[in-house]
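The stops below go from a single residue to its surroundings.

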Amino acid sequence: KFSDADIWELSCCMRACGGKFNLLYGKDEQYLAAMAMGCTGAVGSTYNYMAPEYHRMIAAFEKGDLETARKHQAHAGDLVK
């Protein structure tokens, strides 16, 4: 699990392991950015009770609809902060 807010460090860790390991991301309010860097999973405190919001964000991201994905990430982030 990578829980630092430094997305560049996340990228470095992912490249260092050469895709051998799946890194899970731990900053709920930044999961969209982590997905853009290649993360495919997360561990956090809001995913259980806000699952529909994150599912919509992930679905939009996978369809390439970044505007909608950003909207859902912002809503989730507002609740986290």
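**Stop 1: Met-35**

Select Met-35, which lies in helix H2, residues 31–36 (helices are DSSP runs of H or I with at least four residues, strands runs of E with at least two, numbered from the N terminus). This is a predicted model, where local features need pLDDT of at least 70, side-chain atom pairs count only at pLDDT 80 or more, and totals for chains, interfaces and linings use all residues. Residues are numbered from 1 along each chain as its sequence is written, and side-chain values use heavy atoms, without hydrogens and water.

Met-35 is buried, at 7% relative accessible area (buried is under 20%, exposed over 50%, partly exposed in between, with a 1.4 Å probe and protein chains only). Beyond its neighbours within four places in sequence, Met-35 contacts Met-57, Ile-58 and Phe-61 (contact: heavy atoms within 4.5 Å).

**Stop 2: helix H3**

Next select residues 51–62, helix H3. Its buried residues are Ala-51, Glu-53, Tyr-54, Met-57 and Ala-60; H2 and helix H4 (66–80) are included in what covers them. Pick Tyr-54: leaving out residues up to four places away in sequence, it touches Asp-28, Thr-46, Tyr-47, Gln-73, Ala-76 and Val-80. Just after H3, Gly-64 has a positive phi of about 85°.

**Stop 3: the core**

Now display the largest nonpolar core, which has 18 residues (a set of buried Ala, Val, Leu, Ile, Met, Phe, Trp, Tyr and Cys residues joined through side-chain atoms within 4.5 Å). Among the members touching the most others are Leu-10, Tyr-54 and Met-57. Helices H1 (7–16), H2, H3 and H4 each supply at least two residues of this core, and H2 gives the largest share, four residues.

How values were computed. Expected span 1.5 Å × (residues − 1).
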